[in-house]
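The sequence and the structure are shown first, and the description follows.

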Amino acid sequence: MDGIVLLREDHRTVEKLFKEFERADGEAHRRRRELADDVIRELTAHAWIEERVFYPAARQAAPDTTDHVLESVEEHHTVLWMLSELKGLDPEDERFGAKMTVLMEYVRHHVEEEEKDWFPDVRKAMGRKALVALGERMEQERRNAPDDPLEVPSADG
């Protein structure tokens, strides 16, 4: 699969989880915990494959995207720490919903910037064949993704 298509599919998966969380009743603590755990798992793996495979390839193929990549890594840093806080937070804690809301806003902004501002430049620079090979490497690397968001490289800051 094309690496950019793979990342966009990840984005859609997380957005569906966000929408489910938004629809879940604030009193449905167990369901909101399950959804948050799914979001944590998905975003941790996504950040891992972006940082380990996609971002280095993007920088090499399209050097003009370097600033976008660096900004994205900094956004990952914040997201990963929020994920680690959510991971240990009781869903009945009054901050749980608020923390998830801020995370959703932050991730949605990040996704919009990636998809609109610089994925097209990377696609143009790499071409289909290279993106398919990159997608295969990303799928392989996903198997190595940690469970702990703080094990993703950018979490260290």
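Leu-86 touches Arg-33, Ile-40, Phe-96, Lys-99, Met-100 and Leu-103, not counting residues up to four places away in sequence; contact here means heavy atoms within 4.5 Å. The model is predicted, so local features need pLDDT of at least 70 and side-chain atom pairs count only at pLDDT 80 or more, whereas totals for chains, interfaces and linings use all residues. Residues are numbered from 1 along each chain as its sequence is written, and side-chain values use heavy atoms, with hydrogens and water left out.

Leu-86 lies in helix H3; helices (H or I, at least four residues) are DSSP runs, numbered from the N terminus. At a relative accessibility of 0%, Leu-86 counts as buried. The term buried means under 20% relative accessible area, exposed means over 50%, and partly exposed lies in between (1.4 Å probe, protein chains only). Leu-86 and Ala-36 are 50 residues apart along the chain, and their C-alpha atoms are separated by 7.4 Å.

Helix H3 also holds Trp-81. With a relative accessible area of 39%, Trp-81 is partly exposed. Leu-150 and Ala-155 are touched by Trp-81, residues up to four places away in sequence not being counted. Between Trp-81 and Gln-60 there are 21 residues in sequence and 28 Å in space, C-alpha to C-alpha.

The largest nonpolar core has 45 residues, and those with the most contacts inside it are Leu-43, Phe-54, Met-100 and Leu-103. Such a core is a set of buried Ala, Val, Leu, Ile, Met, Phe, Trp, Tyr and Cys residues joined through side-chain atoms within 4.5 Å. Two or more residues of this core come from each of helix H1 (3-23), helix H2 (29-61), helix H3 (66-87) and helix H4 (94-142). H2 gives the largest share, 14 residues. Met-100 touches Phe-18, Phe-21, Ala-36, Val-39 and Leu-86, not counting residues up to four places away in sequence.

Two packed helices are described by the angle between their axes and the distance between the axes. Axes are lines fitted to C-alpha atoms, for helices over the stretch in contact, and angles run from 0 to 180 degrees between N-to-C directions.

| Helix pair | Angle | Axis distance |
|---|---|---|
| H1 and H2 | about 160° | 10 Å |
| H2 and H3 | about 155° | 10 Å |
| H3 and H4 | about 160° | 10 Å |

Angles under 35 degrees count as roughly parallel, over 145 as roughly antiparallel, 65 to 115 as roughly perpendicular and the rest as oblique. H1 and H2 are therefore roughly antiparallel to each other, and their crossing is left-handed. A crossing is left-handed if the near helix is turned anticlockwise from the far one by less than a right angle, and right-handed if clockwise. Residues in the contact include Leu-17 and Phe-18 of H1 and Leu-43 and Phe-54 of H2. By class, this contact of H1 with H2 has twelve nonpolar, three polar and seven charged residues. Ala, Val, Leu, Ile, Met, Phe, Trp, Tyr, Cys and Pro count as nonpolar, Asp, Glu, Lys and Arg as charged, and the others, Gly among them, as polar.

H2 also passes H3 in a left-handed crossing. Among the residues in contact are Ile-40 and Leu-43 of H2 and Leu-83 and Leu-86 of H3. The contact of H2 with H3 has 13 nonpolar, four polar and five charged residues.

The crossing of H3 and H4 is left-handed. Their contact comprises twelve nonpolar, six polar and seven charged residues.
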